[in-house]
Each structure stands twice: as C-alpha cells, then as structure tokens.
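This note sets out a few points for a colleague who is examining the structure below.

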Amino acid sequence: MEYEAVIGMEVHVEINTHSKIFCACSTAFNAPANTNVCPICLGMPGVLPVLNREMVNKSVAAGLALNCTISRWSKMDRKNYFYPDMAKNYQISQYDLPLCYKGRLDIEVDGQVKSIGITRAHMEEDTARNTHTLGGGISGVDFNRSGVPLLEIVTEPDLRSAQDAYAYLTTLKQILQYLDVSDCNMEEGSLRAEANISVHPKGSKEFGTKTEVKNVASFSGVAKAIEFEIARQIEVLESGGKISQETRGWDANRGITFSQRSKESAHDYRYFPEPDLMPIVVDEAWEQRIRKSLPELPLAKKRRFKEQYGLSDYDATVLTSTRAMADYLEAAVQAGADAKKAANWIMGDLQALLTDAKQEIQECKVPPAGLAEMIQLIESGTISGKIGKDVLVEMFASGKGPKAIVEEKGLVQITDEGALVAIVRKVLADNPQQVEQFKAGKDRVIGFLVGQVMKASRGKANPEKVNEILRKELSA
Amino acid sequence: MSKITREQVEYVAGLAQLELDDAAKARLQQEMGEILSYMDKLNELDTSNVEPMMHAMEMTNVFREDCAGESLAREAALRDAPQQDGEYFIVPKILDTEGGA
C-alpha cells in the first residue's frame, strides 16, 4: 500500500532580549549556574512578574513576517504541571488568546513553492535546566534559563516529508535572523524543534495516530528523525500493528527514534489566566509601527537581487542566505564594484577564506569597500585576476587595503612590452620541445607556455599580453 | 447526586499530587458539585451581549523596559533551599530526562 505522511512542527525560539521575559535578570548564555536569577524567575511566592516590552515588539515582528494576524487582545496564562524544571509548578504561557495566529510561511522544495500554515505563535517563559551529571542519586537545577523569553511557533499539519520539514526550519530560521529577533542557535538551545508525525494510506481522508519527536539537536537530525519515523510507522501498520500516541526521542548515534513517554499518561495542564499579568493590547498604531520597521525579508531581497543586479537564481539564493552577506554585497556595489563580479568573489574566494577561518562575513577584516577596490584594481589592469586572489588572502589576514598590499609587495602587473618580450624569449629558449610541437600544429601547447611565462613573472604578467606576444614570437 | 463523580475528584487530586482519604473525597465531591451548581446559576444569565472579562483589573499593557539589571548573589539564591551544593539546587534524581513542558 502507498502511504502519505502528515507532519506538523512546533518550534521554540529564544527571543534575543537583554533581560528575561518577566524580570531584569540577564539572558546571557553560559553564565555560571544560578547566577542570573532573582525571586521572580526562581518562582518564589508573592513576587510580581512584569512583561518585557521588547518581547512583545519582537514577537509581533516575527508574527508579521510569518503573515500572522496580530491579536488586538491577548493575555498570559498559567500552564500547570509538576516537574523540577519549574519551582512554582506552572509555566507562564499563552493558551486561548495567543499574540499571533493564522499565518503562513512559503517554503521552496525542489523548486516548488509550498505554503505552510502557521496556527499560532505565542509567548512563554523558558524553564530551568536540569543536570544529571552530579551522580549519587541526585539531579541539579539551574534557573539561569528560567524566564528566558520564548516564542512558540506552531504549524498546521501541512508538511508532507522530511525535506518539507527541513525547508520549513531553514526558512523560518533565516527569517527570524533577518528580523534580528533570535539567534536561532540550536547548540545554545535558542531554537528547539519538535515534529508531530503520522502516516495514513494515500487517498484516505483520515489522519493516522501521531507521534511526537523531541530533543533533536540539528535540522538535519530533525529531517533524519522524520524519515525514520515515517518508515517505522509504515512498517508497524503493514505488519498489522497499531501506532501508539507517544513522545519519542532521537538517538543520533544509532539513527533511530525511541519511545519516551506515552501520551495516555500525558499531563492535563489546567490552563487558567495568569492573574499577575495584565492583558496585552496591540492596537493598530503599534502594529503599524512594527510593520514599518520590518527589514526586507529574504524572498523579497532575493527577487530584487535577480532584477536589480542580474544575478542568477542560485547566486541570489546564496547571497541572501543571511542578511549580513546580502548587506555585504550591497555595500560592495555601493562602493563601486560590479555586482556580478563582487558576487563571484564573495561566494568564491572570500567564502573559502571565511570557511577556513570559521568566521562569519560580518567579522571578517576585508571591508566591502576594500573588496570593491581590489576588483577595480583588476578591472583597471593594475593587477591580474590571479594576483587579485593573493591580494585578497593578504587583506583577509592583515586587514590592509589592496593598494597598500600591491605597492608593498610589488605586485603591479607587468604590461610593459619590453619586459614581457624578454621573459617570453627566455621561456621559449628554455622549452625548445614545446616550441617544436607548436610549430608542428599542436596549438594547445600555447597554454603551457603562457603558464611558464606567468610562473617566471611570479604571476605579475598580463596574461592577454603574454598570449599576444607569444604568438608573435612563435610565428617570427 | 453531585455533579462530580468520585473518579473526577480522584483525577483532579492526582493532578494536584494530593493523597485524599475516603472522607475527604466524599466531602470534596459534595463541595465541588455545589460549586458547579452555582456556575449553572450564573449560566442562567444572558451574557451574549457582554464582552468577556479578561482580567479582574481594568489595566492593560503593563510593561518593563528591556534592561538587564542585578540578579541575586548565588549564595543568597541557594540559601533557603532544602538541599544545594553551592552551585545547583539539588533534587532527587530525575529519571524521565524529558522536560515537563
């Protein structure tokens, strides 16, 4: 039988405010345990939480970018459960009136655009972290993360495959980073993804029983876990079994999902309105203010790059993959660089240097204007393209300007006819065999000879001139 | 007949992690039933033209600005904990490694 998979995602992103959602404690990552804590985020009785205004601003911005409706009226609720990650035995979240709802996000899979429904995006506080490495039948609780602001983004069950889920996650991450509302760093826990997965016979209207896969450390891990889970569920059904509704973990080493907790004993959270926090009213004016402040989003930027700069779809995709990279290209163009040439340098040599140095483009020592200047040196014939590569390496290492490097190292291209003729003649004299071959009609040998001249000039000869002179000398 | 069954009392007690004896269960079955009956009384009112009340206080948009301030000294934060090791609050070993939320 043929099956179809139905997948919905729940993503928690940490909103990158300076202070926590309900108190002034810092949200800094990696602080020593229990040092960014106060009576509010420790969950002491009798304290008064107050909502961080920037959390609302950033959450609305994310909601608008996800084409959501923004609630005029919204409120916080208490989600009740007992677990050592919450001392007060409830998490402050949003239940029936989320800040953002009914949105959609367009994703691209295999060149096809799919629209993924966003059910809701709501604000909540993160919980404490438990550590199980202390040994001796005990666990430790660190409240630094308790009260860190989270936006939980829930999709409709509109995803159909692991690729869909992967595309959704990368597109979502890209948008949130463009908006500067979250770092989306999975390693630091600022983005966590859970997938709800079910399968049913193709054509059937009814969805199958779903399982939830949690605690996956990377996007590719999520995709692999979904792939595994779809295959596992089909196998269970094919062999006449039943899917039990449960939470499953992902074992990245073994590449399998495993049962963690049966939903039959799942919590009944008994939500009720949080009496300590006042309702949130985002009026038209506030929403418009945020809407106007939204940056150009990746898809719009990509389209503009293709139109305005004549870049290919692939180049435009790569160059708009992060806002920093797009800004870099535009700054280089502004400084006078040809867009396509700048694009090639950024995606080629500069990207290779960045990857080697494990740097992001915004950290690199080559300013966009420096790259533009270097490209102009090539265009004006001052240096060859090959020397340009070496100059860029030096710029990247030292932060010096291209002109200074060219002068210091004497890299100015040799275009002087006399000097070039001398080198060419020496090369011809040193390679009589190749000269013979050329004269016998083997035209390709010219490439070898040009290479020898370039080598002899240590890359400084103008290759076009060399070619011209070589041919003249050989036919003499 | 109470509007609440004994099983419902036991379920709610379980969620609240309360252990109740038979007498308490019977009493709560009675009391919770009465509360629900009172809700029925309220339901007799026509509220179709009344805006839902979202909060007992008529205030909205109470915010704080996003400035990180001082936190407690760790020693002070941990001082009153039943068990702590100078860094962490100590609890009995958690077997289910999954978070509750």
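Is the crossing of α8(A) and α10(A) left-handed or right-handed?

1. The model is predicted, and the remarks that follow should be read accordingly. In it, α8(A) and α10(A) cross in the right-handed sense. Helix α8 covers residues 339-357 of chain A and helix α10 covers residues 385-398 of chain A. Their axes come within 11 Å, and the crossing angle is roughly 35 degrees.

2. On the side of α8(A), the contact is made by D349(A), L350(A) and L353(A). From α10(A), the contributing residues are K389(A), L392(A), V393(A) and F396(A). By class, the residues of this contact comprise 5 nonpolar and 2 charged, with no polar residues.

3. Turning to the two chains, the contact draws 50 residues from chain A and 36 residues from chain B. Three elements of chain B, namely β1 (63-64), α3 (74-78) and β2 (89-92), each provide at least two residues of the side that touches chain A. Of the elements there, β2(B) gives the most, with 4 residues.

4. The side of chain B that touches chain A contains 19 nonpolar residues, together with 9 polar and 8 charged ones.

5. Strand β2(B) also takes part in pairing between the chains: β10 of chain A (residues 138-142) and β2(B) run in the antiparallel sense and are joined over 4 bridges. Within β2(B), F89(B) is the bridge partner of V141(A).

Note on methods:
Residues are numbered from 1 along each chain as its sequence is written. Chains are lettered from A and ligands numbered from 1 in the order in which they are written. This is a predicted model: local features need pLDDT of at least 70, side-chain atom pairs count only at pLDDT 80 or more; totals for chains, interfaces and linings use all residues. Two residues are in contact if their C-beta atoms, placed from the backbone, lie within 7 Å. Ala, Val, Leu, Ile, Met, Phe, Trp, Tyr, Cys and Pro count as nonpolar, Asp, Glu, Lys and Arg as charged, and the others, Gly among them, as polar. Two strands pair if DSSP finds at least two bridges between them. Axes are lines fitted to C-alpha atoms, for helices over the stretch in contact, and angles run from 0 to 180 degrees between N-to-C directions. A crossing is left-handed if the near helix is turned anticlockwise from the far one by less than a right angle, and right-handed if clockwise.
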